[in-house]
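Please open the model in your viewer and keep the sequence panel beside it.

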Amino acid sequence: MESLRMDYRFTAILILMLTMLAFFTEPAYPAESQTNVSGSNTSIEGGYTGGATTYQSGSSSNTTSTTNSTSNVKSAPPTSSAPSYNSMTQDVCAVGVSLGVQTFGLGISGGKHAIDKNCERLKLARILNDFGMKVAAVAILCQDERVFESMIQAGTPCPIDGKIGKEAKELWGKYDHERPDYTTYVKRMKDREKADLKAQKEMTKELNKMDKELLDNTLIHNK
């Protein structure tokens, strides 16, 4: 009971002190007021002297902003297209060939007709064979080095100067520079010479070894 009374007293004293504080306390005001012509209001306290900030008559404020933008864009020109070339008919051994080159500064294209020699040989040989000229048909096919080589390998050399068989073989051996495969033929002959020379050296080496062994055996028997 005594403690409850003490609580009431403490509460009454606290209320009394808050009431006195509310009556005797004054709000804080700034020492001076300030009026700005331009700008925002700023309160100055503590006895400082404030004034108005104004622009003088005739004064001006200029703001200049300059933006420069430079772009250098390079794009490829239109693609250079190679022209189209077609053969006139199905019976013409002509093939269309075209080419085009394109760069950033220049584009060039062109085309032409090219003759297919192998196609011509086949057509001519077929016509000659139809006319009964079989040797002539074989002779024109022999202008191709692959056909010429295959005929040599088969033992039936291509015709030359009206000669066939053995006589043709002798003439081709005498005038080998007229062969359509002359470059390949010369290379093959040189390779064969190297192979023959190598085989001959190996055979000589083997014979010398056999002679030495025979001589050693003879000396042993004599002792």
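**Start with confidence**

Begin by colouring the whole chain by pLDDT, since this is a predicted model: the average over the protein is 76, and 65% of the residues score at least 70. Next select helix 1, residues 2-24, where confidence is lowest at a mean of 62, and then helix 3, residues 134-141, where confidence is highest at 95. After that, select residues 29-46, over which pLDDT stays under 50, although the model has 23 contacts for this stretch beyond four places in sequence. Where pLDDT is low, the predicted coordinates should not be read in detail.

**The overall layout**

Now switch to a cartoon view and follow the chain from the N terminus, along which the elements run α-β-β-α-α-α-α-α, giving six helices and two strands in total. If you then colour by accessibility, you will find that 9% of the 223 residues count as buried.

**The nonpolar core**

Which residues make up the largest nonpolar core? Select Cys142, Phe148, Cys158, Ile160, Ala168 and Trp172, which form this set of six. Keep Ala168 highlighted and show what surrounds it: apart from neighbours within four places in sequence, Ala168 is in contact with Pro157, Cys158, Ile160 and Lys163, and of these, Cys158 and Ile160 are listed in the core as well.

Is Asp161 buried or exposed? With a relative accessibility of 62%, Asp161 counts as exposed, because the cut-off for that word is over 50%. Look at the backbone too, where the phi of Asp161 is near 55°, a positive value in a residue that is not glycine. Most residues other than glycine have a negative phi.

**The largest pocket**

For the last stop, select helix 4 (145-153), helix 5 (165-174) and helix 6 (182-222), each of which supplies at least two residues to the lining of the largest pocket. The volume of this pocket is about 260 Å³, and 15 residues line the pocket, with Ile152, Gln153, Lys169, Arg179 and Tyr185 lying nearest its centre.

Key:
Residues are numbered from 1 along each chain as its sequence is written. This is a predicted model: local features need pLDDT of at least 70, side-chain atom pairs count only at pLDDT 80 or more; totals for chains, interfaces and linings use all residues. Side-chain values use heavy atoms; hydrogens and water are left out. On a 1 Å grid over the protein atoms alone, a cavity is a set of points where a 1.4 Å probe fits but cannot get out, and a pocket is an open set with protein on both sides within 12 Å along at least five of seven lines; lining residues have an atom within 4 Å of a point. Grid points are joined across faces, edges and corners, and a volume is the space filled by probe spheres set on the points. Helices (H or I, at least four residues) and strands (E, at least two) are DSSP runs, numbered from the N terminus. pLDDT is the predictor's confidence in each residue, from 0 to 100. Contact means heavy atoms within 4.5 Å. A nonpolar core is a set of buried Ala, Val, Leu, Ile, Met, Phe, Trp, Tyr and Cys residues joined through side-chain atoms within 4.5 Å. Buried means under 20% relative accessible area, exposed over 50%, partly exposed in between (1.4 Å probe, protein chains only).
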